Number of protein chains: 2
Amino acid sequence: MSLYDFSAPRLFLDAPLGANVDVTPDRDQSNYLLNVLRLADGADILAFNGVDGEWRMRLKALSRKAVVLQSIEQTRAQTPQGDVHYLFAPLKHARLDYMVQKAVEMGASALRPVMTRRTQATRVNLERMRANAIEATEQCGILTLPSIEDTIRLERLLTGWPAERRLIFCDEDAPVADPIATLRALPRGPLAIIIGPEGGFDPQEREMLLRVPQVTRISLGPRILRGDTAGVAALALVQAVLGDWAPAV
Amino acid sequence: MSLYDFSAPRLFLDAPLGANVDVTPDRDQSNYLLNVLRLADGADILAFNGVDGEWRMRLKALSRKAVVLQSIEQTRAQTPQGDVHYLFAPLKHARLDYMVQKAVEMGASALRPVMTRRTQATRVNLERMRANAIEATEQCGILTLPSIEDTIRLERLLTGWPAERRLIFCDEDAPVADPIATLRALPRGPLAIIIGPEGGFDPQEREMLLRVPQVTRISLGPRILRGDTAGVAALALVQAVLGDWAPAV
C-alpha cells in the first residue's frame with residue numbers, strides 16, 4: 001500500500017468530480033469545511049465521490065458561509081470496488097459504530113444488519129451507519145463508497161439467496177480445521193460474510209444457514225471471538241485468499 | 001470450536017486448582033463474587049489459573065464477606081499456550097483497552113507496548129492492560145493467561161532481538177503482494193507481530209526494523225488500517241497459517 005497524501009483533509013462529496021469541475025457544497029458541508037475543519041480561503045481538500053477517483057480541490061470563500069471548491073488536479077484514479085458483502089447481527093451503539101468502521105477499512109463493499117433471535121439491538125440507525133462508513137472511507141484513504149443496506153431478518157435474507165454469491169458462514173460449531181484451505185477451494189466471485197450475534201445463531205437458524213446451497217462454513221479458531229473481532233478476522237482471511245489482499249488471478 | 005459452558009461465570013484465580021483443592025479468594029475477589037456477580041451460597045463458577053485447566057467450583061459463604069470456593073470437578077483440561085507475541089505502539093484509553101482484549105481473543109501469548117517516535121500515548125497503564133487481558137480470557141473461554149510485558153522503546157526492543165523468534169512486520173510500505181504466501185514460507189516456531197503507530201513507523205524506525213535478520217514484512221492490503229484493525233487482521237493471518245487456527249503439523 002503506497003503512502004497516501006495526508007497533507008489535506010479527505011472529504012466525500014456527493015457530486016461529479018473532474019478537470020475544471022467546481023463543486024458548490026451544500027450548507028451542512030460548507031459549515032463543516034469552514035467551522036469544523038476551519039479551512040481558510042485557499043486551503044486544499046482531497047475530494048472523492050466513489051466513482052471519479054480523488055481530486056485536489058481548493059476552497060474559495062465567497063462569504064462567511066458560502067464556499068466553492070475549485071478543481072485543481074486528480075490525485076488518484078478511481079480504484080475498482082471489490083464485491084464482499086458484510087452481513088452482521090447488529091451490536092449496540094459504540095460497538096456498532098466500530099464494527100461499521102472496521103468493515104469499511106477491511107474493504108466491505110456493502111454492509112447489512114441482520115436480525116436474528118439472539119440479536120441484542122432492536123433497531124439500527126442506518127443514517128448513523130452511513131455516517132460512520134463515510135468517515136471511515138475519508139480517514140482510511142478509501143475511494144469507493146460501501147452501500148448501507150436496510151436491516152433484514154435472517155429468514156428473509158436466506159430465502160432466495162442469490163445463486164451467484166457465496167455466503168461464508170463463520171460457524172462457532174465448525175471443527176477447528178483449516179479456514180484458509182476451505183477458502184482456497186472457492187472460485188473467485190461475489191462473496192458475503194455473515195457474522196452472528198453474541199452467543200451465536202440459535203440451532204434453527206444454523207440449520208437454515210446450512211441449508212443454503214451457496215454456504216461455506218469456516219472456523220475462526222479455538223477461542224470465542226466477539227462479533228466485531230470475528231468480523232475483522234473473517235474479512236482478513238477472505239481478502240487475503242480471495243480478495244484484494246491476494247494477487248489478482 | 002466447541003460450545004462452551006456458559007452456565008456459570010468464568011473467573012481467573014491466581015491459586016492452584018485441582019481435585020479437592022479448595023480456594024479462599026482474597027478480599028477483593030470475595031467482594032467481586034458476592035457483591036458484583038451477586039453469587040449466592042451454593043452458586044457455581046468456572047475457575048482457571050492458566051496452568052491447571054478449568055474447574056467447576058462451588059461458593060460457600062462463611063459470612064457476609066468471606067467465602068470459600070469448593071472444588072467440584074474439572075470441566076476442561078489445560079490447553080497449551082501458543083507462542084505469538086503481540087507488540088504494538090499503544091493507543092489511548094478505550095482504544096488501548098480494546099486492542100488488548102482483541103489481541104487476547106486472537107490468542108496472543110504476550111502483549112508488549114512499544115514506544116516509537118509517532119506514538120501518541122505517553123504512558124501505558126500496565127495494571128489496566130492486565131485487568132483487560134484477564135477479563136478477555138474470562139469472557140472468551142480462554143484457559144491460558146497472556147503475559148503483559150513492560151513498555152519498551154523500539155530501539156531497545158530490536159537490539160538483541162532473540163534469534164529464534166520471527167518478527168512479522170506489518171509494513172504499510174510493502175507492495176501489496178500475497179501475505180499468506182509470505183507466511184506459508186516460514187517455519188513453525190516462536191513468533192511476534194509488531195503493529196506501528198497511526199501514520200506508521202518513521203523512516204529511521206523502518207530502516208531499523210528491516211535490518212533485523214528475523215524480520216518478515218507483510219502487506220495488509222491496499223487500504224489504510226487503524227492500529228487495532230491491523231492487529232486483529234495480522235493475528236488472523238498468522239494464526240490461520242502458522243498458529244492454532246491451522247492444522248497442527
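Among contacts in chain A between residues at least 6 apart in sequence, what percentage join residues at least 24 apart? The figure is 74%. Keep in mind during this tour that the model is predicted.

**Stop 1: chain A as a whole.** Along the principal axes, the C-alpha atoms of chain A fill a box of roughly 60 × 40 × 30 Å. Now switch to a surface. Chain A has an accessible surface of about 11,300 Å², and carbon and sulfur atoms account for 49% of that area. Of its 249 residues, 55% count as buried.

**Stop 2: charges.** Colour the charged side chains of chain A. You will find 29 positive and 30 negative ones, and the centres of these two sets lie 3 Å apart.

**Stop 3: both chains.** Show chain A and chain B together. The same surface serves both copies, since 100% of the contact residues of chain A recur in chain B.

**Stop 4: helix α2 of chain B.** Select residues 93-105 of chain B. At 1.5 Å a residue, these 13 residues should span 18 Å, and the end C-alpha atoms are 19 Å apart, which agrees. Buried residues of α2(B) include Leu96(B), Tyr98(B), Met99(B) and Lys102(B). Step just past the helix to Gly107(B), where phi is positive, at about 95 degrees.

Methods. Residues are numbered from 1 along each chain as its sequence is written. Chains are lettered from A and ligands numbered from 1 in the order in which they are written. This is a predicted model: local features need pLDDT of at least 70, side-chain atom pairs count only at pLDDT 80 or more; totals for chains, interfaces and linings use all residues. Side-chain values use heavy atoms; hydrogens and water are left out. Helices (H or I, at least four residues) and strands (E, at least two) are DSSP runs, numbered from the N terminus. The expected span of a helix is 1.5 Å times one less than its number of residues. Buried means under 20% relative accessible area, exposed over 50%, partly exposed in between (1.4 Å probe, protein chains only). Contact means heavy atoms within 4.5 Å. Accessible areas come from the Shrake-Rupley method with a 1.4 Å probe; for residues, only the protein chains shown count as cover. Lys and Arg count as positive and Asp and Glu as negative; His and the chain ends are not counted. The place of a charge is taken as NZ of Lys, CZ of Arg, CG of Asp or CD of Glu.
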